[in-house]
Amino acid sequence: MTLFPYLVAAWLFCIGLYGVVTSRNFIHLVMCLAVVQSSTYVLLLSIGYRTGGLPPVFAGVPVGAPAVDPVVQALMLTDVVVEATVVALLLSLAVQVHKGTGTLNPDHLRELKG
Amino acid sequence: MPLANAISAHFPALPLALPLGTAAILAALNKFMPRRLADALAILATLINFSIDVFLLHAVRSAPFVYWFGGWTPRSGVAIGICFVIDPISCALAMLVSVLVLAAFVFSLRYFDSVGTLFHVLMLGFLGAMSGFCFSGDLFNLFVFFELMSAAAFALCGYKNEEPTAQQGALNFAITNTIGAFLILCGIAMLYARTGALNMAQIGRALGQQSDALVITAFVFILVGFYIKAAIFPFHFWLADAHAVAPTPVCMLFSGVMVELGIYAVARIYWAVVAGPFAGHHSALMSLLLVVGTITSVLGAIMSFGQRHVKRMLAFSTISHTGLLLIGFALLDPQALAGVALYVAGHGLVKSSLFIGAGILLHRYGTVDELELRGRARRHRFAGFVFFIGAMGLAGVPPNLTFLGEHSISHAATLLHQDWIHVVFPFSGAVTSAAIFRVFGRVYLGLGSKAAITPGKHIPEDRETAGPHRNIPAVMIFPAFLLVIAALALTLTPQLQHAALTAARTMANTYAYQARVLDAKYIPNDAAPETNSPLRPTLISSVSAMTAGLFFAGWALSPAWPSRHRAIAPARACMRALHSLHSGHVGDYVAFLTFGAAAFGIILGLLIHRFGM
């Protein structure tokens with residue numbers, strides 16, 4: 001097990017956040033959020049990884065054979081489902097913003113200042 | 001009766017299952033459901049939910065109860081299944097959730113003229129998620145309920161979806177809170193990597209007293225994630241935007257209880273999971289959180305006074321009061337935790353009745369702009385009373401639950417020699433109540449001038465009801481008064497403080513919690529000491545806060561208010577700088593959030609490793 005996947009997760013988190021901060025388009029911004037989210041996938045999966053581990057399906061495998069951790073995989077799947085909902089909601093809000101104002105650029109929306 | 005048996009065996013799952021089930025039925029029958037039937041079903045489900053919470057609170061007043069889904073009880077201290085831990089604090093919080101949802105449903109009976117059944121579906125989903133959040137004993141489930149609650153909240157926030165401001169507020173809210181959820185998930189993943197467990201009690205037991213960089217980092221991730229929801233400085237920016245645009249019944253829930261759930265989650269995780277590892281770093285965490293809480297509280301209070309949009313004013317006032325709640329938690333002491341519990345209840349009841357007051361103004365006059373409304377509501381002073389009593393509640397004047405909360409927290413602060421807390425409470429109370437007194441004076445008494453008093457921006461708001469309304473429906477005022485009366489009646493309940501202290505000591509007893517969940521063993525706390533600390537100091541502080549609030553409000557309404565005077569130019573420049581900080585730009589908010597989170601981790605690390613706190 002190396003440090004590499006954790007560095008990838010950290011990099012994805014930071015680069016995604018950078019995208020969210022500097023984005024000039026709400027659709028792009030939501031995709032950057034999805035990049036931040038994918039860092040959690042990498043983190044969860046690398047926590048459960050065992051070098052030389054088999055898939056966690058134990059039919060026809062000798063007892064005690066090393067396997068990767070199925071719990072984090074389940075967590076990751078739940079995370080995918082939950083975040084798919086949130087991303088869909090965000091995109092629909094972005095569509096509504098565009099309908100109402102004709103722009104997707106957060107820089108042009110300053111109604112809520114102050 | 002197999003059905004009756006099934007219900008009684010799975011009774012504790014009902015606060016989650018019942019609202020979600022009703023929501024599913026309403027969603028499926030959306031097309032055929034008349035509005036009134038949907039109202040009736042939703043209110044009925046919420047009422048039943050409330051009764052269940054009351055019953056559970058009664059049942060667990062002596063010992064907490066653990067419910068394992070599917071009967072997957074732990075074997076020799078290893079929890080495979082997931083559980084609800086039902087103790088007095090989580091029950092009381094779930095009760096508060098039900099009460100506020102009920103009030104919001106009753107209020108919205110006449111509020112939205114064009115409300116669809118989907119509003120009820122989202123509200124019930126919100127209720128179910130918040131109830132599950134209160135009871136969850138499993139860290140990952142806490143995250144799932146957090147996300148469910150957030151998704152319902154985002155949709156409710158953008159509910160008036162023809163308005164561009166509504167979408168923008170909802171987007172800011174959704175993006176910042178989703179980043180919070182990712183931080184929480186990363187923290188949970190780190191704790192799982194260390195312990196191989198997701199059950200809070202089991203993680204806590206596996207960690208024991210060992211404290212290292214990984215555990216502290218994981219806790220910081222979780223803490224920052226939940227404090228984004230709790231609107232703690234510098235993660236608070238989304239809150240005012242979301243409250244300014246969300247429909248009034250939704251604001252009641254956001255301010256009344258959703259924000260406070262962020263504080264609750266961190267408190268629960270602290271005592272169930274990381275109290276052991278942090279045992280040696282008490283003072284580091286305490287000093288950092290006390291400072292952050294104070295900044296949040298003072299900033300929220302000042303920003304609140306600087307608003308003319310009443311809902312935005314109330315939103316900043318909520319930020320100020322969550323700052324006070326954070327101070328209460330930061331003392332890391334059961335006595336202060338009891339105070340936090342009382343304060344959450346008192347603030348939730350008062351703040352949601354204030355939002356009802358703002359909603360009534362919007363319903364009747366089509367605006368919540370303080371200056372536009374000047375003197376227009378003179379005939380409705382009865383409704384204005386809500387503002388007056390609400391302002392008293394924010395100042396913490398008895399008889400109000402916030403008074404008891406403030407008293408418990410101040411008492412704990414005295415014992416822990418954190419005497420400067422005694423200044424923060426009256427300051428925030430005075431400034432936030434002054435803002436509300438000012439609204440009361442200007443709108444209901446017609447005092448003051450029409451000239452702009454502050455740089456706060458005028459945000460046009462669409463009315464949420466069609467056509468001019470000459471009268472105020474009783475179903476709108478009724479819940480507001482009921483909430484206020486509930487807050488007053490609870491204060492007068494004998495032994496409430498003692499009950500809160502007992503409940504807080506149960507929650508804060510890490511060892512007993514772990515034994516209860518993992519070994520099904522009940523270790524009773526030794527009886528809570530009788531609290532006979534003198535009420536006098538808190539009484540003086542809160543009454544002087546209210547007096548100062550009245551004085552400030554009167555000053556702001558009088559011609560003597562130096563709005564143009566050269567002498568206060570620096571103050572005005574500061575105000576303008578503060579206002580421009582709240583830019584409404586989501587990129588700025590996320591930048592603040594990122595730097596805030598990094599600063600939080602670095603400062604805590606420095607305090608622990610360099611100064612050995």
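**Figure 1. T402(B) sits in helix 16 of chain B.** Helices (H or I, at least four residues) are DSSP runs, numbered from the N terminus. With 32 C-beta neighbours inside 10 Å, T402(B) counts as buried. A residue is buried if 20 or more other C-beta atoms lie within 10 Å of its own, exposed if 12 or fewer, and partly exposed in between, with C-beta atoms placed from the backbone. Leaving out residues up to four places away in sequence, T402(B) touches Y343(B), G346(B), H347(B), V350(B), G393(B) and G396(B). Two residues are in contact if their C-beta atoms, placed from the backbone, lie within 7 Å. T402(B) and L349(B) are 53 residues apart in sequence, yet their C-alpha atoms are 9.8 Å apart in space.

This is a predicted model: local features need pLDDT of at least 70, side-chain atom pairs count only at pLDDT 80 or more, and totals for chains, interfaces and linings use all residues. Residues are numbered from 1 along each chain as its sequence is written, while chains are lettered from A and ligands numbered from 1 in the order in which they are written.

**Figure 2. Helix 11 packs against helix 14 in chain B.** Helix 11 covers residues 248-274, and helix 14 covers residues 334-365. Their axes are 7 Å apart, at an angle of about 165°. Axes are lines fitted to C-alpha atoms, for helices over the stretch in contact, and angles run from 0 to 180 degrees between N-to-C directions. Helix 11 of chain B and helix 14 of chain B are therefore roughly antiparallel to each other; this term applies to angles over 145 degrees. The crossing is right-handed, meaning that the near helix is turned clockwise from the far one by less than a right angle. Helix 11 of chain B contributes residues including C251(B), S255(B), G256(B) and E260(B) to the contact. Among those from helix 14 of chain B are V344(B), G348(B), K351(B) and F355(B). By class, this contact of helix 11 with helix 14 of chain B has 10 nonpolar, six polar and two charged residues. Ala, Val, Leu, Ile, Met, Phe, Trp, Tyr, Cys and Pro count as nonpolar, Asp, Glu, Lys and Arg as charged, and the others, Gly among them, as polar.

**Figure 3. Helix 15 meets helix 17 in chain B.** The axes of helix 15 (residues 381-395) and helix 17 (residues 421-444) of chain B come within 8 Å and cross at roughly 170°. Helix 15 of chain B and helix 17 of chain B are therefore roughly antiparallel to each other.

**Figure 4. A nonpolar core of 259 residues.** A nonpolar core is a set of buried Ala, Val, Leu, Ile, Met, Phe, Trp, Tyr and Cys residues joined through C-beta atoms within 7 Å. Not counting residues up to four places away in sequence, A341(B) touches I89(B), A92(B), A500(B), A503(B) and A504(B).

Figure 5. The peptide bond from F233(B) to P234(B) is cis, with omega near 0°. P234(B) lies in the loop between helix 9 (213-229) and helix 10 (237-245) of chain B. A231(B) is in the loop between helix 9 and helix 10 too. Its phi is near 60°, a positive value in a residue other than glycine. A231(B) counts as buried, with 31 C-beta neighbours inside 10 Å. The bond from P398(B) to P399(B) is also cis, with omega near 0°. P399(B) is found between helix 15 and helix 16 (401-415) of chain B, in the loop.

**Figure 6. Chain A touches chain B.** In this interface, 36 residues of chain A are in contact with 42 residues of chain B. Helix 1 (4-22), helix 2 (26-48) and helix 3 (70-101) of chain A each supply at least two residues of the chain A side. Helix 3 of chain A gives the most to that side, with 15 residues. The chain A side divides into 21 nonpolar, 10 polar and five charged residues.

Terms used. Angles under 35 degrees count as roughly parallel, over 145 as roughly antiparallel, 65 to 115 as roughly perpendicular and the rest as oblique.
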